[in-house]
Amino acid sequence: MPYVKTNCPITLLSFESTNDVWGRTTNPHNTNYSPGGSTGGESALLAYGGGRIGVGSDVAGSVRVPAHFAGIYSLRCSTGRWPKTGSITSMAGQEGIPSVFSPMTRTLPDLVYFTKSMVGMKPWEYDHTVHPIPWRAEIYDSTKAQKKLRVGVMETDGVVPPTPACARALSSVSAALSTSGHSVTTVHPPSPTKSLLLASSLLNSDGCHTFLAPFRTLERSDAGAAQLSFYAALPRPIRYIHYLWTKYIRRDALWADLLYGIREHSTPEQWAMVARREAYKAEWHAWWQQQEELDVILTVPNATPAVPHGGMRDAVASCGYTFLFNLLDYTAGVLPVTHVDAEIDALPASCDVAAMNGVARGAYQHYDADKMHGLPVGVQVVGRRLQEEKVLAVMERVVEVMEKEGKGYALLEVED
């Protein structure tokens, strides 16, 4: 029985959760930081211990990034595996990057139990959007029993390199898996940069009109979404001049192409982007088929730990590590691994933030290991489409090897 609804950003398009009705949700680990979004109220409640299970929506990382920011567990299901009828989104009819509803929990056993129970209720009998695929115990059990997992590590998306805390979490899991006898190799899949550009254009192909339509007079938008709608509303000549200046004067081609794609597209343009999306998905499918029975991919959920309040104004485009798998419609789970350490996670003196592309600069300008000390850091386990059982089983194997190495994650302790 649902007993509470939790806070979210008004547009559902932010890794923060604040609005003019209910105010701002803070991170239980550090109230100066966000618990993520759009399902940030849920992640905060679960991290604080006020709940055990919950459901969120995910179109660019909105259940996975909150799990990473707040130190909980989540699973981004593929479309058609989790019921959605009766739920609403901020962009009804947007199918370029379909929004999915997925589980979030305080512990991993709860995530497995909740997912198995929901699928076991045969939701396809009352929800036309659900595929008639029962819980496949044989996949879950065989993955749990598999002696040697084949894990590919995607160290960077080529847009925003992981900050030291996130890179350390990824490397610690990779090392623990390798020490336990699993096959761990670095992989270089088809360009994630291409995915970010295409997914951003698809998601905002209506020029941001739909998510802005319900706004009332003087009602404030999310910091990140406000940036998107600002660029989408620029007159075409001004947008093109800005594009040329960014690409050829500032020499930031990635940032220029990304911003120029955030505009209203015609129907032929929309169809052409969908065709490119399908071609990109086919490219990934062919690549994975060549990877010698690769079980999963391991990567960071986000380049940084939790952002400070208002930080999405600058970091709005830093979502490539999750957005990629929305475009592909792959199953992806997030589990907490460690916490930011002020001493070992500081940016090296050689790191030149000013020389980074616009997406990376927006993310890195808020990274401060001293201020972020103690914030959770997670990893993302990615399987292919409709592989929920396999991804959950691998997540359990990761927890087992981390505990064996004495690196198990400690849940936030809350005093009564």
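Predicted model: local features only at pLDDT ≥ 70, side-chain atom pairs only at ≥ 80, totals over all residues.
1. Strand β6 (residues 150-153) runs parallel to β7, and the two are joined over 4 bridges.

2. How do you get from β6 to β7? By way of helix α5 (residues 164-179): β6, α5 and β7 form a β-α-β unit, and the unit is right-handed.

3. β6 also pairs with β8, again in the parallel sense, over 3 bridges. Here G152 is the residue to look at, with I297 of β8 as its bridge partner.

4. Now zoom out to the sheet. There are 8 strands in an open arrangement, and the order reads β3-β5-β4-β9-β10-β8-β6-β7, with mixed pairing. The edges are β3 (53-58) and β7 (183-186), each pairing on one side only. From one strand to the next, the twist averages 25°. As a reminder, strands in a sheet pair through backbone hydrogen bonds, in either the parallel or the antiparallel sense.

5. On to the packing. The largest nonpolar core counts 103 residues, and W284 and L298 have the most contacts inside it. The top contributor to this core is α16, which supplies 8 residues. Apart from it there is another core of 8 residues, including A47, A70, I72 and M104. In general, nonpolar side chains of soluble globular proteins tend to be buried together.

6. L298 deserves a click in the viewer. Leaving out residues up to four places away in sequence, L298 touches V151, G152, V153 and M154, then L170, V173, S174 and L177, and finally V379, Q380 and V381.

7. Last, have a look at R136, which sits in the loop between α3 (108-120) and α4 (137-145). Is R136 buried or exposed? The relative accessible area is 19%, and the cut-off for buried is under 20%, so R136 counts as buried. A polar atom of the R136 side chain lies 2.4 Å from the backbone oxygen of L386. Not counting residues up to four places away in sequence, R136 touches R81, L386, Q387, E388 and E389.

Note on methods. Residues numbered from 1 in each chain as written. Heavy atoms only, no water. Buried < 20%, exposed > 50% of the residue type's maximum accessible area, 1.4 Å probe, protein only. Polar contact = N/O pair within 3.5 Å; in protein donor to acceptor, adjacent residues only side chain to side chain. Contact = heavy atoms within 4.5 Å. Pairing = 2+ DSSP bridges. Axes fitted to C-alpha atoms, helices over the stretch in contact; angles between N-to-C directions. Right-handed = clockwise from strand over helix to strand, strands pointing away. Core = buried A, V, L, I, M, F, W, Y, C linked by side-chain atoms within 4.5 Å.
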